[in-house]
Amino acid sequence: GFDGNEFQTKALAYQKNHIINGGMQISQRGPVFAYAPSNNFIYGGADRIASTVTSATTASWDLSIGGTTAQGGGISIGNSQTGSVQSTHVTAITGTGQVSWEYRIEAKDAAKFAGKTMTFSCSRSATAGTATGASFSILKPTALDNWTVAAFVTSKASTLNLAGGRTIDSITYTFTQADVQNGLAFRASVTGVTAVGYFQTGDWQLTESSEVLPWRSAGAGQAEELAMCQRYYERFSVVNNGWLLSGGDYAASTRIRTNIAMMKVTKRVNPTIEINFANWALGTSAGTMTAIVLGTNSTADQSLLEV
């Protein structure tokens, strides 16, 4: 017979958005300015969305979220359902390039897509006269959760909105076990970029369906969406987080302090901790102690924390 509870459960699963922060409203890192290296995906602007700009030689670009020029947006705030977009402002480019954004899903989470038909959708816009097209790509790492080398699962050319309005495009694919065993990446690009300008994307969604469904967030609200992002990356300060001096020891030339920082959510894996300025040192009336440097460079740490 008809089971209403089972129907509701299946309906909710059908509607679920598997992309965290697809509305581009959470931005813990804030903007990135004057980034130059090509071909490297970096994190900034919207959490969970990696971005890159490639060109024949090199490109300089800024990355932020928002829908106004003051926020780094450059075009109408009506360009997404939430009023927020991931905005890449290309400030210098040589030759023909491409602006891309990517969302990565680890193997343990991608496994549930095996045998299922999924639709990935988003909106994209570009300053008029800057680009000629757009594309979607779905990729898989060649090794478990290792994004250094990834192979294409499928791709397709798609439409590009040059009018500043909101146009949703999508790609639908049925995944095999081999497709998902090492993880997945969903990439949206603006292609044929030959001039400086604003390039934006929003309304990212991945659903178990063969069509584009009305957009909805992965979390029940902004607090839950932030907590989901913080399982991958969390930024806190010494002052706001309240580091506790739990012990210490010192010799004639060395002082050791053990600090405890209480993180807001449980992380997926043991996190890499980084200090967001080059040297962390303690000052005394007699001078400055030897600098303490934790972690590696911020770009490497971000890629480790966010995959």
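Mentor: The structure contains 5 salt bridges, a salt bridge being a side-chain nitrogen of Lys or Arg within 4 Å of a carboxyl oxygen of Asp or Glu. This is a predicted model, in which local features need pLDDT of at least 70 and side-chain atom pairs count only at pLDDT 80 or more, whereas totals for chains, interfaces and linings use all residues. Residues are numbered from 1 along each chain as its sequence is written, and side-chain values use heavy atoms, with hydrogens and water left out.

One of the salt bridges joins the side chains of Glu102 and Arg187, with an N to O distance of 2.7 Å. Because Glu102 belongs to strand 6 (residues 97–105) and Arg187 to strand 11 (residues 184–193), this pair ties together parts that are 85 residues apart in sequence. Strands here are DSSP runs of E with at least two residues, numbered from the N terminus. Glu102 and Arg187 are both buried; buried means under 20% relative accessible area, exposed means over 50%, and partly exposed lies in between, for a 1.4 Å probe and protein chains only. Glu102 and Arg187 also belong, together with Arg104, to a network of salt bridges.

A further salt bridge links the side chains of Asp169 and Lys156, at 4.0 Å from N to O. Asp169 lies in strand 10 (residues 168–174) and Lys156 in strand 9 (residues 146–158), so this pair ties together parts that are 13 residues apart in sequence. Asp169 is buried, at a relative accessible area of 15%, while Lys156 is partly exposed, at 33% relative accessibility.

Asp109 and Lys108 form another salt bridge, in which the closest N and O atoms are 3.5 Å apart. Asp109 counts as partly exposed because its relative accessibility is 21%; Lys108, at 57%, counts as exposed.

Ser51 is located in strand 3 (residues 50–54) and is buried, at 0% relative accessibility. Beyond its neighbours within four places in sequence, Ser51 has contacts (heavy atoms within 4.5 Å) with residues including Trp61, Gln86 and Trp101.

Terms used:
Helices (H or I, at least four residues) and strands (E, at least two) are DSSP runs, numbered from the N terminus.
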